[in-house]
Amino acid sequence: MSPDTWRTWPTGTRVVVRRRRDDLPPGAVTGALHGGEPPFTDVLGEVVAVDDDGLTVRTRRGDVRVPAQDVVRAKVVPPPPARRHRRGDGTA
């Protein structure tokens, strides 16, 4: 898949986007080999908007804007699995 395939996604597409983290303090140590923070994070949800500057993904916690320069990998994923009933709730 081309690195810029995300630019062609229509709204409503369920995706996962690996992005560079923007919440680390300047000079923070990154990478597991150095005992630091992971340099990347994943955003899972539905595409809300795509433009030349990046994309917006609606996650469970709200909309996340991912700038184009922070996209490392991105792919379409299947719909979430159906919710299962909890035991003891009176349903079979």
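Throughout these views, buried means under 20% relative accessible area, exposed means over 50%, and partly exposed is whatever falls in between, with a 1.4 Å probe and protein chains only. We're looking at a predicted model, so local features need pLDDT of at least 70 and side-chain atom pairs count only at pLDDT 80 or more, while totals for chains, interfaces and linings use all residues. Residues are numbered from 1 along each chain as its sequence is written, and side-chain values use heavy atoms, with hydrogens and water left out.

**View 1. Asp-51 and Arg-65 pair up in a salt bridge.**
A salt bridge here is a side-chain nitrogen of Lys or Arg within 4 Å of a carboxyl oxygen of Asp or Glu. In this one, the closest N and O atoms are 2.8 Å apart. The pair links distant parts of the chain, with Arg-65 in strand β4 and Asp-51 in strand β2, 14 residues apart. Strands (E, at least two residues) and helices (H or I, at least four) are DSSP runs, numbered from the N terminus. Asp-51 has 34% relative accessibility, so it counts as partly exposed. Arg-65 is partly exposed as well, its relative accessible area being 34%.

**View 2. Asp-42 reaches Arg-18 through another salt bridge.**
Here the N to O distance is 2.7 Å. Asp-42 comes out at 40% relative accessibility, which makes it partly exposed. Arg-18, at 37%, is also partly exposed.

**View 3. Arg-58 meets Asp-63, side chain to side chain.**
This salt bridge has an N to O distance of 2.7 Å. Arg-58 is partly exposed at 47% relative accessibility, and Asp-63 is partly exposed at 42%.

**View 4. Asp-70 sits in the loop between β4 (62-67) and β5 (71-76).**
With 15% relative accessibility, Asp-70 counts as buried. What does Asp-70 touch, not counting residues up to four places away in sequence? A run of arginines: Arg-18, Arg-19 and Arg-20. Contact is taken as heavy atoms within 4.5 Å.

**View 5. Thr-13 lies in the segment before β1 (14-20).**
Thr-13 counts as buried, at 13% relative accessibility. A polar atom of the Thr-13 side chain lies 2.8 Å from the backbone oxygen of Pro-10. Leaving aside neighbours within four places in sequence, Thr-13 is in contact with Gly-45, Glu-46, Val-47 and Val-76. The C-alpha atoms of Thr-13 and Lys-75 are separated by 10.0 Å, and the two are 62 residues apart along the chain.

**View 6. The largest pocket has a volume of about 620 Å³.**
A pocket, on a 1 Å grid over the protein atoms alone, is an open set of points where a 1.4 Å probe fits, with protein on both sides within 12 Å along at least five of seven lines; lining residues have an atom within 4 Å of a point. Its volume is the space filled by probe spheres set on the points. There are 19 lining residues, and Leu-44, Gly-45, Thr-59, Arg-60 and Arg-61 lie nearest the centre. β1, β2 (40-51) and β3 (54-59) each supply at least two residues of the lining, with the largest share, six residues, coming from β2. By type, the lining splits into five nonpolar, three polar and eleven charged residues. Charged covers Asp, Glu, Lys and Arg; nonpolar covers Ala, Val, Leu, Ile, Met, Phe, Trp, Tyr, Cys and Pro; the others, Gly among them, are polar.

Methods
Polar contact = N/O pair within 3.5 Å; in protein donor to acceptor, adjacent residues only side chain to side chain.
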